[in-house]
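Please work through the following exercises on salt bridges and helix packing with the sequence and the model at hand.

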Amino acid sequence: MLTTGKTQAQSVPKSAVPVIFDTDMGPDYDDVGAITILHALADSGQARILATIASTKYPKVSQVLSVLNTYFHRPNIPIGVPKGEAVTDKDTQHWSDTLVAHYPHAIRSNNEVPDAVALYRQILAKQPDRSVTIITVGFLTNLANLLNSKPDQYSKLSGKELVSKKVKKVVSMAGKFPSGREYNVFRDTPASKIVFENWPTSMLLSGFEIGQQIHSGLPLTQNSRIRNSPIKDVFAISLPKAKEDKGGRMSWDQTAVLVGIKGYAPYYTVKSGRLTLNTDGSNGWDDAGKGHQHLVVKMPVLAVEKVINDLMQHQPIKR
(Lines give C-alpha, C1' and ligand atoms only; values in the text may rest on other atoms or scores of the structure.)
Protein backbone atom coordinates (compact mmCIF):
# COMPACT_ATOMS: atom_id res chain seq x y z
CA MET A 1 0.00 0.00 0.00
CA LEU A 2 1.14 3.51 -0.69
CA THR A 3 0.94 5.91 2.17
CA THR A 4 -0.25 9.46 1.70
CA GLY A 5 0.46 10.61 5.21
CA LYS A 6 -1.14 13.59 6.93
CA THR A 7 -0.84 16.36 4.39
CA GLN A 8 -2.34 19.42 6.08
CA ALA A 9 -3.36 20.81 9.39
CA GLN A 10 -6.87 19.80 10.45
CA SER A 11 -8.16 23.39 10.30
CA VAL A 12 -8.08 23.75 6.51
CA PRO A 13 -11.14 25.77 5.39
CA LYS A 14 -13.76 23.91 3.38
CA SER A 15 -13.31 26.52 0.66
CA ALA A 16 -9.66 25.54 0.14
CA VAL A 17 -8.99 24.21 -3.37
CA PRO A 18 -7.73 20.59 -3.27
CA VAL A 19 -4.69 20.53 -5.55
CA ILE A 20 -2.42 17.91 -7.04
CA PHE A 21 0.69 19.74 -8.24
CA ASP A 22 2.47 18.08 -11.16
CA THR A 23 5.87 19.59 -11.94
CA ASP A 24 9.06 19.10 -13.95
CA MET A 25 10.93 20.47 -10.94
CA GLY A 26 14.31 21.07 -12.53
CA PRO A 27 14.84 22.04 -16.17
CA ASP A 28 13.76 25.59 -15.32
CA TYR A 29 13.53 27.19 -11.91
CA ASP A 30 10.17 28.91 -12.26
CA ASP A 31 8.85 25.64 -10.79
CA VAL A 32 10.48 26.66 -7.50
CA GLY A 33 8.59 29.94 -7.58
CA ALA A 34 5.42 28.06 -8.44
CA ILE A 35 5.60 25.64 -5.51
CA THR A 36 6.32 28.59 -3.22
CA ILE A 37 3.11 30.26 -4.35
CA LEU A 38 1.30 26.95 -3.84
CA HIS A 39 2.47 26.75 -0.24
CA ALA A 40 1.77 30.45 0.35
CA LEU A 41 -1.83 30.01 -0.77
CA ALA A 42 -2.12 26.85 1.32
CA ASP A 43 -0.88 28.80 4.35
CA SER A 44 -3.62 31.40 3.77
CA GLY A 45 -6.27 28.68 3.62
CA GLN A 46 -6.91 28.98 -0.11
CA ALA A 47 -5.43 25.63 -1.13
CA ARG A 48 -5.06 22.10 0.24
CA ILE A 49 -2.07 20.30 -1.23
CA LEU A 50 -2.90 16.66 -1.89
CA ALA A 51 0.41 15.72 -3.53
CA THR A 52 3.46 17.07 -5.33
CA ILE A 53 4.25 14.81 -8.27
CA ALA A 54 7.26 14.99 -10.61
CA SER A 55 6.93 14.63 -14.38
CA THR A 56 10.70 14.25 -14.81
CA LYS A 57 12.73 11.53 -13.11
CA TYR A 58 16.27 12.80 -12.77
CA PRO A 59 17.81 11.18 -9.67
CA LYS A 60 17.33 14.04 -7.19
CA VAL A 61 13.87 15.29 -8.14
CA SER A 62 12.08 13.58 -5.25
CA GLN A 63 14.71 14.92 -2.84
CA VAL A 64 14.20 18.46 -4.14
CA LEU A 65 10.44 18.19 -3.65
CA SER A 66 11.06 16.84 -0.16
CA VAL A 67 13.33 19.81 0.64
CA LEU A 68 10.73 22.34 -0.50
CA ASN A 69 7.76 20.70 1.23
CA THR A 70 9.79 20.31 4.41
CA TYR A 71 10.86 23.96 4.31
CA PHE A 72 7.20 24.98 4.30
CA HIS A 73 6.50 22.62 7.25
CA ARG A 74 4.59 20.09 5.16
CA PRO A 75 7.12 17.23 5.13
CA ASN A 76 4.45 14.56 4.76
CA ILE A 77 2.92 15.73 1.50
CA PRO A 78 2.98 12.68 -0.79
CA ILE A 79 5.55 12.73 -3.58
CA GLY A 80 5.46 10.62 -6.73
CA VAL A 81 7.85 10.11 -9.65
CA PRO A 82 7.25 8.39 -13.01
CA LYS A 83 8.85 4.96 -12.89
CA GLY A 84 8.40 4.07 -16.56
CA GLU A 85 9.60 5.94 -19.62
CA ALA A 86 9.87 9.65 -18.83
CA VAL A 87 11.97 12.74 -19.41
CA THR A 88 15.09 13.03 -17.24
CA ASP A 89 15.85 16.73 -17.80
CA LYS A 90 17.26 18.53 -14.76
CA ASP A 91 18.57 21.96 -13.80
CA THR A 92 21.66 23.18 -15.62
CA GLN A 93 22.56 25.67 -12.86
CA HIS A 94 23.00 22.85 -10.27
CA TRP A 95 20.78 24.50 -7.67
CA SER A 96 19.25 21.09 -6.96
CA ASP A 97 22.61 19.92 -5.62
CA THR A 98 22.77 22.91 -3.27
CA LEU A 99 19.26 22.30 -1.94
CA VAL A 100 19.81 18.61 -1.32
CA ALA A 101 23.18 19.24 0.34
CA HIS A 102 22.08 22.06 2.65
CA TYR A 103 18.42 21.62 3.61
CA PRO A 104 16.51 18.97 5.57
CA HIS A 105 14.58 16.30 3.68
CA ALA A 106 13.41 12.82 4.56
CA ILE A 107 13.45 11.32 1.07
CA ARG A 108 16.87 10.19 -0.12
CA SER A 109 16.06 8.53 -3.44
CA ASN A 110 13.38 8.29 -6.10
CA ASN A 111 13.18 4.62 -5.13
CA GLU A 112 11.57 5.68 -1.84
CA VAL A 113 8.50 7.27 -3.44
CA PRO A 114 5.63 5.67 -5.35
CA ASP A 115 5.03 5.67 -9.07
CA ALA A 116 3.32 8.88 -10.16
CA VAL A 117 0.24 7.22 -11.63
CA ALA A 118 -0.24 4.89 -8.66
CA LEU A 119 -0.17 7.93 -6.38
CA TYR A 120 -2.62 9.81 -8.61
CA ARG A 121 -5.03 6.88 -8.52
CA GLN A 122 -4.77 6.40 -4.77
CA ILE A 123 -5.40 10.07 -4.02
CA LEU A 124 -8.14 10.64 -6.58
CA ALA A 125 -10.06 7.58 -5.42
CA LYS A 126 -10.37 9.08 -1.93
CA GLN A 127 -11.55 12.55 -2.96
CA PRO A 128 -15.13 13.80 -3.37
CA ASP A 129 -16.50 13.67 -6.89
CA ARG A 130 -15.44 16.48 -9.24
CA SER A 131 -13.42 18.20 -6.53
CA VAL A 132 -9.74 18.02 -7.46
CA THR A 133 -7.82 20.66 -9.39
CA ILE A 134 -4.71 19.33 -11.10
CA ILE A 135 -2.12 22.04 -11.72
CA THR A 136 0.50 20.80 -14.14
CA VAL A 137 3.52 22.94 -14.94
CA GLY A 138 5.68 20.34 -16.64
CA PHE A 139 5.42 17.52 -19.13
CA LEU A 140 2.08 15.78 -19.59
CA THR A 141 3.62 12.33 -19.12
CA ASN A 142 1.79 11.53 -15.91
CA LEU A 143 -1.59 12.71 -17.13
CA ALA A 144 -1.31 10.60 -20.28
CA ASN A 145 -0.32 7.57 -18.24
CA LEU A 146 -3.17 8.24 -15.82
CA LEU A 147 -5.70 8.31 -18.66
CA ASN A 148 -4.34 5.00 -19.92
CA SER A 149 -4.22 3.34 -16.49
CA LYS A 150 -6.21 0.22 -15.65
CA PRO A 151 -8.37 -0.59 -12.62
CA ASP A 152 -6.25 -1.44 -9.57
CA GLN A 153 -6.32 -1.82 -5.79
CA TYR A 154 -7.34 1.82 -5.38
CA SER A 155 -10.22 2.01 -7.83
CA LYS A 156 -12.19 -0.30 -10.09
CA LEU A 157 -12.44 2.53 -12.61
CA SER A 158 -10.22 3.00 -15.65
CA GLY A 159 -8.00 6.04 -15.65
CA LYS A 160 -10.29 8.09 -17.84
CA GLU A 161 -13.32 7.09 -15.76
CA LEU A 162 -11.52 7.99 -12.53
CA VAL A 163 -10.51 11.38 -13.90
CA SER A 164 -14.05 12.08 -15.12
CA LYS A 165 -15.44 11.24 -11.69
CA LYS A 166 -12.94 12.96 -9.39
CA VAL A 167 -11.23 15.83 -11.26
CA LYS A 168 -12.89 19.23 -11.48
CA LYS A 169 -10.40 20.79 -13.89
CA VAL A 170 -6.82 20.90 -15.08
CA VAL A 171 -4.82 24.11 -15.16
CA SER A 172 -1.67 23.75 -17.25
CA MET A 173 1.31 25.86 -18.21
CA ALA A 174 1.38 24.58 -21.77
CA GLY A 175 1.36 25.79 -25.35
CA LYS A 176 1.78 29.16 -26.99
CA PHE A 177 -1.16 31.09 -28.37
CA PRO A 178 -2.42 31.55 -30.94
CA SER A 179 0.36 29.22 -32.14
CA GLY A 180 3.91 28.17 -31.34
CA ARG A 181 6.16 25.42 -30.01
CA GLU A 182 6.44 25.26 -26.24
CA TYR A 183 8.79 23.08 -24.17
CA ASN A 184 6.29 21.41 -21.83
CA VAL A 185 4.24 20.27 -24.81
CA PHE A 186 6.89 19.20 -27.34
CA ARG A 187 9.30 17.54 -24.89
CA ASP A 188 6.90 14.63 -24.57
CA THR A 189 4.78 15.11 -27.66
CA PRO A 190 3.14 11.64 -27.56
CA ALA A 191 1.88 12.29 -24.02
CA SER A 192 0.67 15.76 -24.99
CA LYS A 193 -1.28 14.29 -27.89
CA ILE A 194 -3.03 11.78 -25.61
CA VAL A 195 -3.95 14.44 -23.07
CA PHE A 196 -5.10 17.21 -25.40
CA GLU A 197 -7.21 14.81 -27.45
CA ASN A 198 -8.70 12.69 -24.65
CA TRP A 199 -8.75 14.55 -21.33
CA PRO A 200 -12.39 14.48 -20.18
CA THR A 201 -12.61 17.58 -17.96
CA SER A 202 -12.18 21.27 -18.70
CA MET A 203 -8.63 22.50 -19.23
CA LEU A 204 -7.29 26.03 -18.67
CA LEU A 205 -3.98 26.79 -20.35
CA SER A 206 -1.46 29.46 -19.42
CA GLY A 207 0.55 29.90 -22.58
CA PHE A 208 4.21 30.74 -23.04
CA GLU A 209 3.32 34.31 -23.96
CA ILE A 210 1.71 34.90 -20.54
CA GLY A 211 4.66 34.03 -18.30
CA GLN A 212 7.22 35.39 -20.75
CA GLN A 213 6.19 38.93 -19.83
CA ILE A 214 6.42 38.46 -16.06
CA HIS A 215 9.78 38.58 -14.33
CA SER A 216 10.29 37.40 -10.78
CA GLY A 217 12.92 36.62 -8.20
CA LEU A 218 14.85 39.87 -7.79
CA PRO A 219 12.75 41.17 -4.88
CA LEU A 220 13.25 37.80 -3.20
CA THR A 221 17.02 37.77 -3.62
CA GLN A 222 17.24 41.40 -2.47
CA ASN A 223 15.16 40.82 0.66
CA SER A 224 17.71 40.76 3.50
CA ARG A 225 15.08 39.59 6.00
CA ILE A 226 14.83 36.22 4.25
CA ARG A 227 17.63 33.91 5.34
CA ASN A 228 18.34 30.19 5.09
CA SER A 229 15.75 29.84 2.36
CA PRO A 230 16.06 27.23 -0.40
CA ILE A 231 13.78 29.38 -2.55
CA LYS A 232 16.06 32.39 -2.23
CA ASP A 233 19.11 30.20 -2.84
CA VAL A 234 17.73 28.87 -6.12
CA PHE A 235 17.09 32.34 -7.51
CA ALA A 236 20.35 33.75 -6.14
CA ILE A 237 22.29 30.95 -7.85
CA SER A 238 20.40 31.02 -11.12
CA LEU A 239 19.57 34.65 -11.95
CA PRO A 240 23.20 35.72 -12.55
CA LYS A 241 23.86 32.80 -14.91
CA ALA A 242 21.83 34.20 -17.84
CA LYS A 243 21.80 37.73 -19.22
CA GLU A 244 18.11 37.40 -20.04
CA ASP A 245 17.39 36.96 -16.32
CA LYS A 246 19.05 40.15 -15.08
CA GLY A 247 15.62 41.70 -14.46
CA GLY A 248 14.18 38.49 -13.01
CA ARG A 249 13.30 35.07 -14.38
CA MET A 250 10.36 34.68 -16.72
CA SER A 251 7.46 33.29 -14.70
CA TRP A 252 5.48 30.72 -16.63
CA ASP A 253 4.64 28.21 -13.92
CA GLN A 254 3.69 30.74 -11.26
CA THR A 255 0.80 31.99 -13.39
CA ALA A 256 -0.72 28.51 -13.58
CA VAL A 257 -0.65 28.12 -9.80
CA LEU A 258 -2.07 31.61 -9.26
CA VAL A 259 -5.09 31.12 -11.51
CA GLY A 260 -5.48 27.46 -10.63
CA ILE A 261 -6.22 28.37 -7.02
CA LYS A 262 -7.53 31.93 -7.13
CA GLY A 263 -9.26 31.86 -10.52
CA TYR A 264 -8.26 33.76 -13.64
CA ALA A 265 -10.12 36.98 -12.73
CA PRO A 266 -9.14 39.75 -12.15
CA TYR A 267 -5.73 38.92 -13.59
CA TYR A 268 -6.83 37.55 -16.96
CA THR A 269 -9.72 36.87 -19.25
CA VAL A 270 -9.97 33.65 -21.26
CA LYS A 271 -10.46 32.60 -24.84
CA SER A 272 -12.46 29.42 -25.37
CA GLY A 273 -11.76 26.86 -28.08
CA ARG A 274 -9.39 23.92 -28.34
CA LEU A 275 -5.64 23.47 -28.62
CA THR A 276 -4.60 21.66 -31.79
CA LEU A 277 -1.34 19.70 -31.75
CA ASN A 278 1.01 19.20 -34.68
CA THR A 279 3.33 16.24 -35.15
CA ASP A 280 6.42 18.27 -34.16
CA GLY A 281 4.87 19.23 -30.83
CA SER A 282 3.90 22.73 -31.91
CA ASN A 283 0.35 23.86 -31.34
CA GLY A 284 -2.37 25.93 -32.90
CA TRP A 285 -5.80 26.99 -31.69
CA ASP A 286 -9.26 26.17 -32.97
CA ASP A 287 -11.75 28.91 -32.08
CA ALA A 288 -14.64 26.60 -32.95
CA GLY A 289 -13.41 23.82 -30.65
CA LYS A 290 -14.65 23.14 -27.14
CA GLY A 291 -13.20 22.04 -23.82
CA HIS A 292 -10.12 24.25 -23.58
CA GLN A 293 -9.49 27.86 -22.59
CA HIS A 294 -6.28 29.91 -22.63
CA LEU A 295 -5.42 33.00 -20.65
CA VAL A 296 -5.53 36.46 -22.20
CA VAL A 297 -3.85 39.44 -20.54
CA LYS A 298 -6.21 41.79 -18.69
CA MET A 299 -4.54 43.24 -15.58
CA PRO A 300 -1.37 45.23 -16.37
CA VAL A 301 1.58 42.83 -16.52
CA LEU A 302 3.53 44.72 -13.85
CA ALA A 303 0.60 44.40 -11.45
CA VAL A 304 0.50 40.63 -11.87
CA GLU A 305 4.29 40.59 -11.59
CA LYS A 306 4.05 42.28 -8.19
CA VAL A 307 1.46 39.76 -6.98
CA ILE A 308 3.78 36.91 -7.96
CA ASN A 309 6.89 38.49 -6.50
CA ASP A 310 5.09 39.18 -3.21
CA LEU A 311 3.85 35.58 -2.96
CA MET A 312 7.32 34.25 -3.73
CA GLN A 313 8.65 36.02 -0.64
CA HIS A 314 6.22 34.17 1.60
CA GLN A 315 7.88 32.67 4.63
CA PRO A 316 6.95 29.34 6.22
CA ILE A 317 4.30 29.31 8.94
CA LYS A 318 5.01 26.87 11.73
CA ARG A 319 2.13 24.52 12.42
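The exercises below concern a predicted model, and each is followed by a worked solution.

**Exercise 1.** Determine which residue forms a salt bridge with Lys 166, and where the two partners lie.

*Solution.*
Step 1. The partner is Asp 129, with a distance of 3.0 Å from N to O. This lies within the 4 Å limit, so the pair counts as a salt bridge.
Step 2. Lys 166 belongs to helix α6 (residues 159-166), whereas Asp 129 sits in the loop between α4 (116-126) and β4 (132-136). The two residues are 37 residues apart, and the pair thus links distant parts of the chain.
Step 3. Lys 166 has a relative accessible area of 9%; because buried means under 20%, Lys 166 is classed as buried. Asp 129, at 46%, is partly exposed.

**Exercise 2.** Examine the salt bridge between Glu 197 and Lys 193 and state which helix holds both residues.

*Solution.*
Step 1. The closest N and O atoms of Glu 197 and Lys 193 are 2.8 Å apart.
Step 2. Both residues lie in helix α8 (residues 189-198). Their spacing is four residues, about one turn of the helix.
Step 3. Glu 197 has a relative accessible area of 49% and is partly exposed; Lys 193, at 43%, is also partly exposed.

**Exercise 3.** Locate the salt bridge between Asp 310 and Lys 306, and classify each partner as buried, partly exposed or exposed.

*Solution.*
Step 1. The side chains of Asp 310 and Lys 306 meet at 2.7 Å, N to O.
Step 2. Helix α13 (residues 301-311) contains both, four residues apart, about one turn of the helix.
Step 3. Asp 310 is partly exposed at 40%. Lys 306 reaches 52%; because exposed means over 50%, Lys 306 is classed as exposed.

**Exercise 4.** Identify the buried residues of α13 and explain why they are assigned to one side of the helix.

*Solution.*
Step 1. Val 304, Glu 305, Ile 308, Asn 309 and Leu 311 are buried in α13.
Step 2. These residues cover an arc of only 160° around the axis, and therefore lie on the same side of α13.
Step 3. This buried set packs against α1 (30-43), β7 (215-216), α10 (218-221), α12 (252-262) and β9 (268-277).
Step 4. The face turned away from the buried side carries the exposed residues Leu 302 and Lys 306.

**Exercise 5.** State how many salt bridges the model contains, and which residues are linked in a network.

*Solution.*
Step 1. The count comes to 12 salt bridges.
Step 2. The network of salt bridges links Asp 28, Glu 244, Asp 245 and Arg 249.

Notes. Residues are numbered from 1 along each chain as its sequence is written. This is a predicted model: local features need pLDDT of at least 70, side-chain atom pairs count only at pLDDT 80 or more; totals for chains, interfaces and linings use all residues. Side-chain values use heavy atoms; hydrogens and water are left out. Buried means under 20% relative accessible area, exposed over 50%, partly exposed in between (1.4 Å probe, protein chains only). The arc is that of the directions from the helix axis to the C-beta atoms. Contact means heavy atoms within 4.5 Å.
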